Amino acid sequence: MALPASSSPAEDSRPPPKDLSHLFSDVTKARVPNSLKQLYKYFAIPGIAQFAGGLPNSSYFPFDTLEAQTAKPQRWEPTPNDPVPGKDGLDDFEVLPSQLSRAHISPGPKTKTKDDALAAAHLIVPHDDPVTDPFRRIDLATALQYGQATGYPPLLSFIRQFAREVLHPNVPYKGGPEVILTVGSTDGNSKVLELFVNNWIEGKNDVRDRPSLVTETFMYPAVLSQSRPRGVNVIAIAMDDEGMLPYGPGGLEDVMSNWDYSKGRRPHLMYSVTMGHNPTGGVLSVARRKQLYALASRFDIIIIEDDPYWYLQYPSAEVDEARARSRPVPESKLVNPLQKKSGYDFVDSLVPSYLNIDTDGRVVRLDTFSKTIAPGCRLGFLTAAPAIVDRVLRIAEASTAAPSGFVQVFVAQALMGRQPEAATKAFASRSTKDQLTFSGWHTDGWVRWVAGLRGEYERRMTTMASILEEGSWQLKQSTPTRDSEAEWGVITKTQLYDFAWPRGGMFLWLHMRFETHPLWKVPRKSSSSSSSSSSSSSSCRDGIALIDGPTLSGALMVYLTHKPHLVLVSPGSMFSASDEIREETGWAYFRLCFAAESTENIDICSRRFVEGVHRFWRIKSVRELEDLVEEGSSDVVAAGAGEGENLTNLSAWMGC
Ligand SMILES: Cc1ncc(COP(=O)(O)O)c(C=O)c1O
């Protein structure tokens with residue numbers, strides 16, 4: 001089923017994307033389209049007799065309707081796109097009309113009060129929709145049937161238009177990108193690896209064929225578990241608070257131009273989280289993107305841009321960080337200098353995707369509804385040059401097929417839905433709130449929804465960052481040691497951690513200053529306590545084991561789980577791109593997520609965290625520290641956490 005084109009090819013003077021098929025894996029090259037599924041395009045012919053496919057009869061599906069109470073797009077209050085200094089005091093919903101007009105979103109007659117915005121709307125998916133246009137027909141008879149692996153047509157067409165016209169209006173190649181729905185970004189990335197990687201086995205395959213992938217020093221760990229078993233050599237590229245570094249020692253150019261071929265093929269893949277980086281919270285500027293893209297083009301690298309947090313960019317972070325540190329407040333700046341705009345001030349105020357500067361067609365972007373709707377949807381989409389999407393489609397046809405019809409139809413109805421009259425009448429007996437006719441969010445509503453989510457997460461970020469900012473130093477009054485200073489009180493200031501206020505995403509990346517702890521490099525009592533670096537020379541002096549960073553990091557993690565602190569954080573080692581990074585610096589970081597806890601807990605638990613860190617810095621007994629390390633290496637959970645049941649899969653959700 002051909003999707004409607006947004007602009008006619010004749011008017012399109014952009015150069016076509018490059019042919020990058022030489023980078024495809026052998027399996028990809030061998031794939032041919034599924035012959036049976038090619039018949040799907042004929043299904044839409046009105047009146048055609050259906051003797052071809054092995055489709056079950058839709059009248060026997062046991063679901064007559066699907067219904068839900070859903071949020072209105074106005075449920076959450078946005079934050080300003082431009083945090084002009086001194087203009088922080090947003091007065092609840094009074095700011096909304098101006099915000100909305102700036103975002104080119106009509107507030108509508110029903111969004112004037114907070115109560116109204118919080119109310120739910122009723123959504124119904126009927127069994128059969130009389131509409132014949134397959135891009136507008138939303139019903140169970142079609143959504144729960146076998147369908148195209150590109151995705152449920154109405155939903156795909158909405159998302160495709162949103163991607164091409166709102167998210168990426170500047171794509172520089174002819175015809176623009178194509179879109180295919182995925183079962184979330186994890187699935188998308190797995191398909192991209194399948195597309196571009198020839199699996200490699202040590203001892204069996206020639207090392208010169210070993211595939212390599214470059215990524216940031218600290219990275220989303222699921223990618224390691226996806227790529228390493230395929231034999232992929234994951235190479236860390238140096239990064240700063242913004243993201244990957246193009247130049248300088250350990251930067252992309254340095255690694256690529258000095259590539260050591262004894263490690264395998266020079267990398268032809270880059271995996272990067274560029275907006276609200278997981279775990280570091282950085283947002284990669286357009287200027288930096290252009291430099292990295294030029295290098296990717298020079299060294300023939302496919303860029304996998306995985307951006308679940310694109311809409312969570314926090315313009316207030318730089319301003320508030322500067323104020324908190326008594327630095328000059330930066331001028332507001334244009335983060336999207338590209339020519340074409342989406343027409344939505346909110347979207348145009350965000351740093352745009354690599355796709356917008358992708359002249360070659362080498363960017364594969366992964367989006368997901370996991371953070372904009374819910375992770376359990378298992379729904380996302382991949383946007384790339386048509387030849388790449390075509391190959392992803394063949395992988396999907398042979399594996400996941402389309403995402404679940406239940407999810408696709410619900411999301412399609414929420415985004416696009418009209419309510420059939422009969423369905424609305426059937427709910428006449430319900431409460432007034434339930435009877436609200438639901439007409440779908442449409443693009444305005446979707447942009448308003450994600451702008452509201454940005455508001456929620458930005459406020460959480462500010463709460464956590466402000467509390468951590470206040471607690472980053474420990475002040476200690478001590479007695480003067482010299483007579484000449486007898487009448488002076490001596491205050492010692494010790495920095496416990498430092499961090500950049502997150503510019504996006506859901507995480508605050510804390511650099512712990514363990515070297516300021518009173519027990520740093522103090523000889524250990526027991527050599528049996530586990531420490532990942534106990535064998536490293538830096539933690540030994542004259543053959544005696546010393547208390548080092550990994551030991552302090554492990555002990556603090558355990559200490560924080562004790563009462564009264566009761567805080568669990570993710571250790572930086574989980575996000576290290578290699579074993580060397582884990583050993584050298586990974587231990588010095590903690591990732592704190594400000595998304596999952598209730599709003600009140602962000603405040604209370606951030607304070608508990610700070611208090612716990614301060615108390616930990618007062619520990620002077622080596623024995624006490626070693627007991628914590630010992631506890632960390634055993635399976636027993638202190639702090640009255642029950643039996644420790646269901647904790648076996650901890651690492652999986654802590655890393656996400
Ligand atoms: C960078 C990144 N990519 C992908 C995912 C997972 O996305 P999905 O749920 O769509 O598989 C996460 C989730 O935390 C993430 O942080």
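Biologist: What covers the buried residues of α6 in this model?

Modeller: The cover over the buried residues of α6 includes β3 (178-182), α12 (345-348), β9 (380-384), α14 (405-416) and α17. Please keep in mind throughout that this is a predicted model.

Biologist: How many of the residues of α6 are buried, and which are they?

Modeller: As a general idea, an α-helix has 3.6 residues a turn, so residues three or four places apart point the same way. Here α6 is mostly covered, with twelve of its 15 residues buried, and the buried set consists of P153, P154, L155, L156, S157, F158, I159, R160, F162, A163, R164 and L167. The helix, residues 153-167, reaches 20 Å from its first C-alpha to its last, which is close to the 21 Å expected at 1.5 Å a residue.

Biologist: Which residues touch the most other members of the largest nonpolar core?

Modeller: In soluble globular proteins, nonpolar side chains tend to be buried together. In this structure the largest nonpolar core has 139 residues, and M270, I304, V411, A412, L508 and L592 touch the most other members. Helix α17 (residues 442-470) supplies the largest share of this core, ten residues. Domain 1 (175-313 + 350-407) and domain 2 (471-640 + 650-655) both contribute residues, so the core lies between them.

Biologist: With which residues is V411 in contact, once its neighbours within four places in sequence are left aside?

Modeller: V411 is then in contact with L155, F369, I373, C377 and L379; of these, L155 is also one of the buried residues of α6.

Biologist: What is the order of the strands in the open sheet of four strands?

Modeller: Strands of a sheet pair through backbone hydrogen bonds, either parallel or antiparallel. The order here is β12-β13-β17-β16, with antiparallel pairing. Since β12 (497-498) and β16 (570-571) stand at the edges, each with a single partner strand, one side of each is left without a neighbour in the sheet. Between strand β13 (residues 507-512) and strand β17 (residues 589-593) there are five bridges, and L508 has L592 as its bridge partner in β17, both residues being among those that touch the most other members of the largest core.

Biologist: Is G54 buried or exposed?

Modeller: G54 sits in the loop between α2 (40-43) and β1 (66-71), and because it has 6 C-beta neighbours inside 10 Å, G54 counts as exposed. Across the whole protein chain of 656 residues, 42% count as buried.

Technical notes:
Residues are numbered from 1 along each chain as its sequence is written. This is a predicted model: local features need pLDDT of at least 70, side-chain atom pairs count only at pLDDT 80 or more; totals for chains, interfaces and linings use all residues. A nonpolar core is a set of buried Ala, Val, Leu, Ile, Met, Phe, Trp, Tyr and Cys residues joined through C-beta atoms within 7 Å. A residue is buried if 20 or more other C-beta atoms lie within 10 Å of its own, exposed if 12 or fewer, and partly exposed in between; C-beta atoms are placed from the backbone. Helices (H or I, at least four residues) and strands (E, at least two) are DSSP runs, numbered from the N terminus. Domain bounds come from an automatic or database domain assignment. Two residues are in contact if their C-beta atoms, placed from the backbone, lie within 7 Å. Two strands pair if DSSP finds at least two bridges between them. The expected span of a helix is 1.5 Å times one less than its number of residues.
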